[in-house]
Every structure is written in C-alpha cells, then in structure tokens.
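Visitor: I'm new to this one, and I'd like a close look at a single part: the salt bridges, and what surrounds them. Could you walk me through that slowly?

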Protein chains: 2
Amino acid sequence: VTTDALPTGFHATVANIGVKDGSDDFVVIHAEGPHVAASGVFTQSRFAGPSVHISRQHLAAGTPSAIVIVSKNANVANGADGVADAHAVLDHVAARWNRRPDDFLLASTGVIGRRYPIASMASAIDALDPQAPSADLRAAAHGIMTTDTVEKVAVAHVEGSDAVVCGIAKGVGMIEPDMATMIAVVMSDAHVAQSDLSAIHRRVTDLTFNCVSVDTDTSTSDTAVVLTSGYHDVELSSFEAALQQVQTALTKAIAADGEGAETLIEVTVTGARDTEQARRVAKSIVNSPLVKTAVHGADPNWGRVAMAIGKCNDSDIHDDRCRISFGGTEVYPRTIGVDVLADLEKYLRGDMVSIEADLGIADGSATVWGCDLTDGYIRINADYTT
Amino acid sequence: VTTDALPTGFHATVANIGVKDGSDDFVVIHAEGPHVAASGVFTQSRFAGPSVHISRQHLAAGTPSAIVIVSKNANVANGADGVADAHAVLDHVAARWNRRPDDFLLASTGVIGRRYPIASMASAIDALDPQAPSADLRAAAHGIMTTDTVEKVAVAHVEGSDAVVCGIAKGVGMIEPDMATMIAVVMSDAHVAQSDLSAIHRRVTDLTFNCVSVDTDTSTSDTAVVLTSGYHDVELSSFEAALQQVQTALTKAIAADGEGAETLIEVTVTGARDTEQARRVAKSIVNSPLVKTAVHGADPNWGRVAMAIGKCNDSDIHDDRCRISFGGTEVYPRTIGVDVLADLEKYLRGDMVSIEADLGIADGSATVWGCDLTDGYIRINADYTT
C-alpha cells in the first residue's frame with residue numbers, strides 16, 4: 001500500500017456542501033468487508049452535541065460501518081433544532097448511500113451555537129455520487145480540517161499480516177480530552193472481533209489521544225473512531241501495536257499543530273505513586289501557560305516546571321525528592337550555572353522540547369504531549385467566528 | 001485619613017537593596033499598638049518557598065507584628081541554601097529593627113530557582129534606618145511590584161468606629177489561588193482578637209483572593225496577611241465588611257492588571273447545586289483560554305462559555321437547563337440574531353465584561369474574577385528571566 005491509499009474495503013467521499021464557505025467540509029467514510037467492526041470514544045462534555053449523542057446511540061444499538069464528518073460547524077447548543085438538523089444530515093446521506101441512518105456514525109466540528117444551513121446542505125448531499133472513485137487518505141484528512149494547518153495522517157502495518165492501519169485526525173484548539181479528543185478516524189482491513197476492538201481502542205486511546213492537551217479546553221464534539229473491514233487475520237497484540245503507533249503519531253501531530261504552536265512539548269513524569277498521579281502531574285506541566293510561554297520564548301525558566309509540579313498539591317510530593325530535566329539534562333536540584341542556562345536556552349529553540357520530572361515516590365510513569373503558547377494562538381482565537 | 005496614610009500604629013520602610021536592579025524591592029511593615037494581632041494564609045504549593053514555611057512557623061509559634069517583603073526574586077527551589085538565605089534576611093532585619101526574627105513574617109516574589117545576592121542584600125539592610133519617617137501606602141504597594149503595571153491599594157472605614165482598613169497587593173501572573181494568592185498585606189488599627197481575626201480573614205479570603213485567576217498557575221510564594229494594631233474597638237461584623245470591601249477591591253485590581261490584561265472579566269454562576277460547584281464552574285469559564293481570547297478579540301463566540309460549562313462534567317449539569325448571559329443579556333438558550341451578536345460584540349469592547357451562567361439545579365452561587373488572554377501575556381512571559 002502507498003501512504004495515501006485506504007485499507008482494503010474502505011471508500012471515502014470528500015466534498016464541499018456549503019457548511020461555511022467553499023472549502024471541503026464533508027467526508028463520508030464507509031467500510032465493507034467480511035467482518036466489519038466499529039469502536040468509538042467520545043467527549044465527556046455536558047454540552048456534547050447531537051452528533052456525539054447520535055453516534056453513541058448507533059454504536060450501542062448495532063455495528064455502524066460508516067462515519068459522516070461535517071467540519072466548520074459543530075452544531076452544538078442549538079437545542080431541538082440542532083438535533084433535527086443532525087438527523088436530517090444522516091437521513092439524506094442514508095438515502096443517497098442506500099443504507100440505513102443507523103449504519104452511520106456522525107461527527108461535527110467548528111463553531112458552537114450556530115445552526116447548519118441545513119436546506120442547502122441537504123441539496124448538496126442529494127447531489128453527491130457515492131459511486132465515484134474513492135478519495136485518498138490525505139484528501140479525507142484535508143476535508144475534516146478547521147484551523148489545522150496540515151493534514152494529519154498516519155499509517156502502520158500490522159506485523160505478521162497483510163493488514164494495515166490508517167488514521168486521520170484534526171485538532172487543533174479546544175483540546176483537552178477527558179475520554180476522547182478532537183476527531184480521529186482510524187481504518188483497518190484487519191479482522192478484529194467487535195469486543196476486542198472496543199477494549200483495544202480504549203486502552204490505546206488512553207495512552208495517546210487522552211495524553212494530548214493544547215489549551216485545557218474540552219470540545220463538545222470530540223470523537224475518535226476505529227472502523228475495521230476484516231479482510232486479514234491478525235494477532236491482536238500486533239494489531240494493538242499498530243493502532244498505538246498510528247494513534248501516537250496522530251497525537252503528536254495534533255500537539256505540534258496546536259493553534260499557533262511552534263514547538264511540540266513532550267512531558268514524561270516518572271517516579272510517581274501511580275500512573276494516575278504521573279499523568280496528572282505531567283498534564284499540569286504541559287498545560288501551564290507559564291511553562292508554555294517559557295518554551296515559546298526559549299526562556300530557561302525551569303522554575304516554572306517546579307511551580308507546575310507544586311500546584312498539584314499531593315501530600316506525597318516533596319520538593320527535596322523531585323528531579324527536573326530538559327532533554328536529559330538535569331536542572332533541579334543541581335545548582336544551575338550560567339553555562340547550563342545558555343545550553344538550555346539553545347535546547348529550547350528546537351522544534352521539540354522534552355521535559356522530564358521524577359517525583360521520587362514510586363514507579364508510576366506517563367508521557368503527555370502539548371505545545372507552546374504563542375501570539376498565534378491569541379490571534380487565531382480572538383478572531384475565530386468573525 | 002487620606003488614601004495614602006497607614007492606619008494608626010503602622011510604619012513602613014521601602015527601599016532598594018539590590019535584589020535584581022535599582023528599583024524598590026524591599027518593604028518592611030510593622031505594627032505597634034495596644035492589641036496587635038496577625039493572620040496569614042499561604043499557597044498550598046508543594047514547592048512553597050522558605051518565606052512561606054518560615055511565616056507559617058512564626059504564626060504558629062506566636063504573634064508576629066511585622067512583615068518583610070522581598071520582590072524581584074522568590075527564593076524558591078534553592079534547597080538548603082535558600083532556607084539559609086531567608087533566615088539571613090530576617091536576622092539582619094531583626095538586628096536593625098531591634099526585634100526578634102520571629103516577630104517578622106516573610107514574603108518573597110519573583111523568579112524561581114535563583115539565589116538571592118545575599119551578601120549585598122545584607123549590607124544594604126544593615127544600612128537602612130528604621131527610624132526614618134514612614135513610607136505611605138502607595139509607596140509600599142509600589143515596592144512589592146514585579147510585572148505589575150499599577151500599584152494596588154484599597155482603603156475602607158470600619159462602620160461605627162474610627163478604625164480603618166488599608167490593603168496593598170501585587171499580582172499579576174501565576175495567579176490561581178488554592179488557599180491564598182499573590183502577596184497582599186492588609187493593615188488595620190481596629191482591635192480584633194487573634195482568633196476572630198484568623199476566622200474572619202479566612203472567610204473573606206475565600207470570597208476574594210481565592211476567587212481570582214489570571215492563568216491557572218499557582219505561585220510557590222502566595223501570601224495574604226492581615227496585621228492589626230488594636231487602637232479602635234469595632235463591631236466584628238463591620239470589620240469583616242470593611243475587610244471584604246478592601247480585599248474585593250484588591251482582587252479586582254489584580255485581575256484587571258493580570259499580565260497583558262486589557263479587560264477585567266467577572267463571572268457569576270447561579271442556580272448551582274452548592275457554592276463549591278458554582279465556584280468550580282465559574283473558574284472553568286474564567287480560566288478557559290478560548291473564553292479569554294474571545295473576550296480579548298470582542299468575538300461574540302458565546303458557545304465557548306457553553307463549552308467551559310460542559311467540560312466541568314458534573315452529571316447534574318444539563319445543557320437544556322443552563323442559561324448564559326453577558327452583562328444581563330441572555331444569549332443561550334434563546335436563538336441569537338445577528339443584531340444581538342452585534343450588540344454583544346460592542347459590549348465585549350468594554351473594560352469590564354460580566355458573564356452570567358445559571359445552571360438551573362439549586363441555589364448555589366459564586367462570583368470569580370479574571371482577565372482576557374492577550375499577546376501581551378505571551379510577550380511578558382516568553383521573556384521574563386532573560
């Protein structure tokens with residue numbers, strides 16, 4: 001397979017249906033094959049939109065084999081009208097694709113509190129040709145972008161089999177997952193039983209999409225889906241490894257393309273009481289506006305990492321047991337000389353900054369990803385709807 | 001009393017002792033009177049500096065009657081050397097002021113992880129004249145500034161008495177209190193028993209300094225202190241009202257002068273299950289980078305407030321029971337017309353923006369304060385130590 005081909009049994013339609021402007025804003029991906037399975041994890045937001053509610057219902061009721069993704073409008077906080085609009089989108093797609101509405105999952109991303117231009121969208125959907133040749137992976141990734149600056153795709157082979165795992169994702173603000181994050185669709189032609197797929201998907205998502213944060217804000221629309229068509233038998237452990245490879249790559253791509261981001265930040269916490277504490281402390285560091293701005297300014301102000309650990313306020317964290325490093329070079333507790341600060345400043349000018357903290361308590365560890373906080377984030381978000 | 005006078009029994013020394021540069025960086029405030037009392041609340045950070053630890057010890061052991069404030073260097077994360085430096089500062093002050101070291105509280109603010117230039121600081125302290133005429137309130141407020149752009153002072157009379165309550169504070173980044181926040185010193189010539197003062201101080205701080213957030217980062221040095229000299233008898237309820245008036249004014253001043261801030265944001269949540277939930281939801285709104293940038297850009301993107309409520313993830317929050325208003329004008333659930341959005345955009349251009357959310361659950365309510373997120377915050381914090 002080439003990087004841009006979909007796995008066996010998959011077909012993608014990418015189009016503009018006039019959600020906001022003339023750019024691609026509509027993607028339908030469907031799977032056909034001997035053993036179709038689907039898994040989804042969604043935002044825990046109490047303002048989750050109709051797309052999320054409908055997708056949850058369809059997954060609970062059966063095995064959807066396709067997903068519809070609308071970008072440039074989240075269709076959230078629109079009350080009963082928004083629910084009706086979401087169903088209308090699926091009804092028109094189902095009629096055109098000659099499937100049942102509950103064969104489809106639905107994801108939507110963009111501004112909150114604005115209704116779809118549903119009449120013109122419905123007309124545009126009715127005019128689509130599901131039989132046209134499939135769009136490739138990159139085109140599908142492009143079709144789900146909002147303020148993303150690059151398409152996010154990742155591909156891995158399942159070791160010991162002919163199966164492939166391909167993923168697309170979009171970020172890029174309002175990224176702090178609780179259960180899932182942003183929109184990601186992973187496709188595979190592996191044969192994986194539905195129950196195995198759900199368990200594997202949750203485990204892998206916990207280590208990937210649930211470990212990225214751009215701005216601590218949690219979207220009302222976050223959706224991560226895996227669809228498999230079932231053409232190739234696989235070892236489950238090999239499939240899980242390939243899925244983790246793809247989702248890790250997408251996670252890093254989302255962090256690196258965070259709104260306004262110029263630097264990918266990877267934070268690893270070791271020596272924690274347990275994984276939960278390690279992840280919480282790591283997120284405190286990667287989410288700290290003062291750490292993010294220090295990285296942005298290549299300011300060797302490592303004291304802000306100490307601050308971000310300290311604010312976690314766990315009674316078993318003690319400043320005299322903690323160690324803090326940047327890219328493997330310890331900055332605390334050793335006394336910092338001017339030469340070390342100059343080296344640290346140089347290191348911070350790279351495209352990727354690794355921050356390591358050891359709490360000296362036990363063996364818990366976690367890695368999370370984020371990005372620096374820049375003027376670009378302010379500009380993008382101070383002027384998004386207007 | 002004029003605005004700039006200290007209460008009866010108070011004396012302030014303001015000086016430059018060469019902590020970082022030639023600006024004022026050293027303030028000593030002491031109280032003398034018939035009934036001196038003191039109360040302090042401090043950061044909950046696990047990386048709290050020696051100043052905080054020493055102040056806690058001195059409050060636990062007796063009744064300090066003075067406070068030393070060092071600005072431009074927090075003296076945090078410096079290990080045993082930092083502890084020794086903090087004690088050295090107090091030893092030199094105590095010798096010069098002819099008091100015991102444990103008569104003093106100590107607060108320090110500025111960069112983390114750099115040692116004091118202790119030798120030159122000690123020489124400068126030894127050369128100070130404690131008998132010189134007292135500095136006024138504004139000079140004391142100026143002496144504790146770091147990146148603050150204005151002095152923060154507030155004064156209130158205690159109704160029904162001759163007592164006055166005067167406060168000074170500094171912000172302005174790393175502001176998300178857990179117990180206390182930033183550095184604030186409130187002075188009064190009221191006569192309040194030590195135990196009453198502590199209880200009143202905690203209650204008032206919970207409604208004021210604990211309700212401000214600039215960037216969710218919690219300082220390692222946050223300290224709020226009340227000193228009273230005891231010249232005038234007061235009704236405790238009147239004293240508490242005056243203290244709340246002063247601390248509320250300082251809280252708003254800190255939020256309005258948040259690093260890079262151009263707009264003060266006041267968020268009031270009503271209809272919550274209880275006060276805890278109301279405050280948590282209000283903080284989720286006021287801390288959301290996307291809400292803060294929308295206010296900065298005067299972008300009428302009220303959906304981000306819905307997002308910030310939704311991410312609180314309480315099972316008793318339901319989107320169909322919530323109401324969201326800006327400055328008293330409801331934007332959700334009513335359908336927004338273009339004219340309303342235009343009015344909202346105009347409202348957002350003001351110096352102060354009020355956001356109100358009602359959860360429709362019960363009667364819990366809370367008000368918190370914050371500020372917009374601007375290019376200025378990025379610039380200040382990307383280049384702070386260098």
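Guide: Let's start in chain A, where the side chains of A:Glu32 and A:Arg99 meet in a salt bridge, with N to O at 3.2 Å. By salt bridge I mean a side-chain nitrogen of Lys or Arg within 4 Å of a carboxyl oxygen of Asp or Glu. Before going on, a word on the ground rules: this is a predicted model, in which local features need pLDDT of at least 70 and side-chain atom pairs count only at pLDDT 80 or more, while totals for chains, interfaces and linings use all residues. Residues are numbered from 1 along each chain as its sequence is written, chains are lettered from A and ligands numbered from 1 in the order in which they are written, and side-chain values use heavy atoms, with hydrogens and water left out.

Back to that pair. Helices (H or I, at least four residues) and strands (E, at least two) are DSSP runs, numbered from the N terminus. How covered are the two partners? A:Glu32 is partly exposed at 47% relative accessibility, whereas A:Arg99 is buried at 17%. Here buried means under 20% relative accessible area, exposed means over 50%, and partly exposed is in between (1.4 Å probe, protein chains only).

Chain B has its own pair to look at. B:Glu32 forms a salt bridge with B:Arg99, with the closest N and O atoms 3.2 Å apart. B:Glu32 is partly exposed, at 47%, and B:Arg99 counts as buried, at 18%.

Now for another salt bridge in chain B: B:Asp314 with B:Arg273, the closest N and O atoms being 3.3 Å apart. B:Asp314 is in the loop between helix H9 (303–310) and strand S11 (323–326) of chain B, while B:Arg273 is in the loop between strand S10 (264–272) and helix H7 (275–287) of chain B, 41 residues away. B:Asp314 is buried at 8% relative accessibility, and B:Arg273 is partly exposed at 39%.

Over in chain A, salt bridges that share partners join A:Arg273, A:Glu276, A:Arg280, A:Asp314 and A:Asp316 into one network. A:Gln277 is worth a stop here: this residue belongs to helix H7 (residues 275–287) of chain A and is buried, at 0% relative accessibility. A polar atom of the A:Gln277 side chain lies 2.7 Å from the backbone nitrogen of A:Arg273. Leaving aside residues up to four places away in sequence, A:Gln277 touches A:Ala272, A:Asp314, A:Asp316, A:Ile317, A:Leu359 and A:Ile361; touching, or contact, means heavy atoms within 4.5 Å.

Stepping back, how many salt bridges are there over all chains? The structure holds 32. Between chain A and chain B, though, the count is zero.

So what is found where the chains meet? The contact takes 57 residues from chain A and 57 residues from chain B. In chain A, A:Arg46, A:Phe47 and A:Ile378 lose the most area to chain B, together 17% of what that side buries. The two chains bury about 4600 Å² between them, 58% of it on carbon and sulfur atoms; buried area is the accessible area (1.4 Å probe) that two parts lose on being put together, summed over both.

Seven of the eight residues in H8(A) are buried, among them A:Pro289, A:Leu290 and A:Lys292. Just after H8(A), A:Ala298 takes a positive phi of about 50 degrees.

Technical notes. Polar contact = N/O pair within 3.5 Å; in protein donor to acceptor, adjacent residues only side chain to side chain.
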